[in-house]
There are 2 protein chains.
Amino acid sequence: MFKPANKATLHQNVLNQMITAIKENEWEPGSKLPGEQSLANAFEVSRNCIREVLKALELTGIVEARAGDGTYLSENALRNIANSDLVASLFEESTLMELIEARQLLEGQLAYWAAQRASDEEIMNLERILVEEPETPNVEVHYHFHNYLAEIAGNPFLLRLLDSLRTEVSAQRIVFKSWPSTELELFKKDHWEICQAIKERAPEKAQEAMIQHLLRSQNEILERNRREGRRKEA
Amino acid sequence: MFKPANKATLHQNVLNQMITAIKENEWEPGSKLPGEQSLANAFEVSRNCIREVLKALELTGIVEARAGDGTYLSENALRNIANSDLVASLFEESTLMELIEARQLLEGQLAYWAAQRASDEEIMNLERILVEEPETPNVEVHYHFHNYLAEIAGNPFLLRLLDSLRTEVSAQRIVFKSWPSTELELFKKDHWEICQAIKERAPEKAQEAMIQHLLRSQNEILERNRREGRRKEA
DNA sequence: GTCCATTTGTCCGTATGTATG
DNA sequence: CCATACATACGGACAAATGGA
């Protein structure tokens, strides 16, 4: 509930002040900001300390340092700050349920678009993934199918988003190395159903099949989380 | 087209190597990594240089330094790296069309959920936002409506995502300070229609109305971008 | 082009506070 | 309490790059 109340180290303090100043448009984007020595004097710290702060800001693309010239505020510094904030808050403060819901929405829509937009060749490739699936299905094949499906949906932005969403769901839930083979058999059938719907160019059907497929696997996940206990309560 | 070909500075070099090493599971998450002096020897650089790198990694939450103890690889360092990469690539490499498509999907679904999940009180609040809309509508009111709608949909994760999505769409398009009032009148009607659908607890209707609303405004955006020329070609 | 002042890049040495055993 | 190990912080020094006179 409470913040760690970390006794800010010097460079943390300086860093926060710098970020705040940038947020408040202390300097114009693209403009040169005071030299390291100058900043060191202003904050009454050593140049080394300032450098650590500047290098941190550089990593996140907020500033750009040019040797022999100076350090410049990045053209889209504010956007990069916003994005960093997003990364920090996005997943940390999200519940498993929210993420699962989001994944369902995205993956359903991607199946929908795939049915609309896939070329004949892409559909053949999708089928081949299922055909070449080994007798004992595994998780890698599972993801392979989902990934290729998302790819042919033709929205790379959502594909990337979905990808990290899946990673995040995996991170938050209790991970199980192996699904029971009975489950994987069911999933295989689901995949075929989705693939069939895409082949028939039936977007709604594909979307519905995908959502049902996800519901099946996600119920299993939530069920297990309940059984094995939530270890993340602390 | 070409990369800046920056002759990597030392700390850049070290930083990249460190990140690569972390990605390749050189160290266990949560484990203590070698001391600064040790790293300095390994990379054959000064301790100062190492510190700049470590502070940069610390800002992004990849690493945690504890004074008098050591520097530890963050428990979810890999997730943070992945998320940072994601956000960096997410928006940079996405076309305006992809972002608009994604926004449409998200905002439509949020309207859908809002119709399902809103409490009576929340619906009243939503109506009040529209009622209190001034005679000459402005953009702030517009966003106020959309934000509250997303809020009562009850998925904070998607709300946050949508928020930065909108920011990004604004950044990529040619921004216009003021919509023509004729447009804003149309939008106002759209909002009422959406609100009505939510009041009727008609999810599909709300979703459809929202999508139509966005199509209207987005066509306008794309149209203007075409007319005024794409300045981002450089 | 050359020189020169400025600024970042890089290193070293040293002192201090803090955690661990 | 002590010794050790480590991060924190400072100041000085020189190299390398840059931009302007």
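**View 1. Backbone contacts from chain B to the phosphates of DNA strand C.** A phosphate oxygen of DNA strand C lies 3.0 Å from a backbone N or O atom of Ser46(B). The model shown here and in the following views is predicted. For Leu10(B), the distance from a backbone N or O atom to a phosphate oxygen of DNA strand C is 2.4 Å.

**View 2. A side-chain contact from chain A to DNA strand C.** In Lys55(A), an N or O atom of the side chain is found 3.0 Å from a phosphate oxygen of DNA strand C.

**View 3. The protein surface near DNA strand C.** At least two residues each are supplied by α3 (47-59), β2 (63-66) and β3 (70-73) of chain A, and by α1 (10-23) and α3 (47-59) of chain B. The largest share, four residues, is contributed by α3(A). Sugar or phosphate accounts for 61% of the atoms of DNA strand C within 4 Å of the protein, and bases account for the rest.

View 4. Ile123(A), Leu126(A), Glu127(A), Ile129(A) and Leu130(A) are buried in α6(A). These residues lie on the same side of α6(A), because they cover an arc of only 150° around the axis. Glu121(A) and Val131(A), on the other side of α6(A), are exposed.

Terms used. Residues numbered from 1 in each chain as written. Chains lettered and ligands numbered in written order. Predicted model: local features only at pLDDT ≥ 70, side-chain atom pairs only at ≥ 80, totals over all residues. Heavy atoms only, no water. Near = heavy atom within 4 Å. Polar contact = N/O pair within 3.5 Å; in protein donor to acceptor, adjacent residues only side chain to side chain. Buried < 20%, exposed > 50% of the residue type's maximum accessible area, 1.4 Å probe, protein only. Arc of directions from axis to C-beta.
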